[in-house]
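Look over the sequence and the coordinates before reading on.

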Amino acid sequence: FYIVQTFFLDAAGDAGFVIPLPPGLANAAQAPFYANFLTLEAPFPTFSVSKTVRVEFANPNGWEQVGDLSSGRLWHTATALGEGPRDNVTELLIAGGATGTIFNPLPMSTAELYDPLTRTATALPPLSLPRAGHGAVRLQDGRVLISGGVTTQGVVTATCEVFNPALEVFEAAPSMHAPRAAHRLTLLDDGRVLATGGAADWQPSASSFLVAAASAQDTSESFNPVTNTWSVGPVMSSKRLGHTATKMLDGTVLL
């Protein structure tokens, strides 16, 4: 069906309108809808703009099915990239993860880019090595820092890399001072990234989980994207892995 809607600009140059739905459209959330033509009329000469725009109706406070990832993942990261190149859409970087189990992960090096406009994910170039239980945080310049994680045969790595959204590639970054998995990365107000805790070892066996838990660390360090360096930070009061890290409004971080 087609809808013709007339609206007028106010003194500030803004306008709003409501799109009426026909009574027969019972489930608006599943209805495809396309705005095909937009004609603007004003005291100046009339002009027309023709563009196909995807508009979706959604029921509030509900869940909707979206496209699947290329493969099942656990212990991966999903990082919002900020406003993307198309219609200010925030895309998501989905990196690494593992098949298997938490206790015996089989890390992956694959990565995908999820587009909320099409609700699908597309493949990206791989990470430099398989990672699960790694850290990921968006830097102030738009890049994403990927740190540590469990790689093959339960080895925990200190290596890092950054995702460049402009080129859609992963680039080399300096390693942390300590190998970390199930640690936390927190973006600080000054642009640095705080890395805290994490396991130093992750044996590839469920019976060896206590070994991994015993390797929890109380150390911290920070990454400076301007100097591209890691610096050793203060020691925490307790060893931690799988913890939370929340930056407060005053800039401090609660663990």
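Are Phe 163 and Phe 170 buried or exposed? Phe 163 is buried, and Phe 170 is buried too. Keep in mind that this model is predicted.

## Aromatic pairs

The structure contains three aromatic pairs. Phe 163 and Phe 170 make up one of them, and their geometry is tilted. Their ring centres are 5.1 Å apart, with 50° between the planes.

## Nonpolar cores

The largest nonpolar core holds 13 residues. Leu 145, Cys 160, Met 176, Leu 185, Val 193, Phe 223 and Trp 230 touch the most other members. Two elements give two or more residues to this core: strand S11 (160–164) and strand S14 (193–196). Another core lies apart from it and has eleven residues, including Leu 93, Leu 124, Leu 127 and Ile 146.

Cys 160 has contacts beyond its neighbours within four places in sequence. Among them are Leu 145, Met 176 and Trp 230, along with Ala 173, Pro 174 and Ser 175. Cys 160 also contacts Ile 146 and Arg 131.

## Arg 131

Arg 131 sits in the loop between strand S8 (120–124) and strand S9 (135–138). Its relative accessibility is 0%, so Arg 131 counts as buried. The cut-off for buried is under 20%.

Setting aside residues up to four places away in sequence, Arg 131 touches residues including Gly 96, Gly 97, Pro 107 and Met 108. Its contacts also include Ile 146, Ser 147, Gly 148 and Val 150. Thr 157, Thr 159, Cys 160 and Glu 161 are touched as well.

Conventions. Residues numbered from 1 in each chain as written. Predicted model: local features only at pLDDT ≥ 70, side-chain atom pairs only at ≥ 80, totals over all residues. Heavy atoms only, no water. Helix = DSSP H or I, 4+ residues; strand = E, 2+ residues; numbered from the N terminus. Buried < 20%, exposed > 50% of the residue type's maximum accessible area, 1.4 Å probe, protein only. Contact = heavy atoms within 4.5 Å. Phe/Tyr/Trp six-rings, centres within 6.5 Å; stacked < 30°, edge-to-face > 60°. Core = buried A, V, L, I, M, F, W, Y, C linked by side-chain atoms within 4.5 Å.
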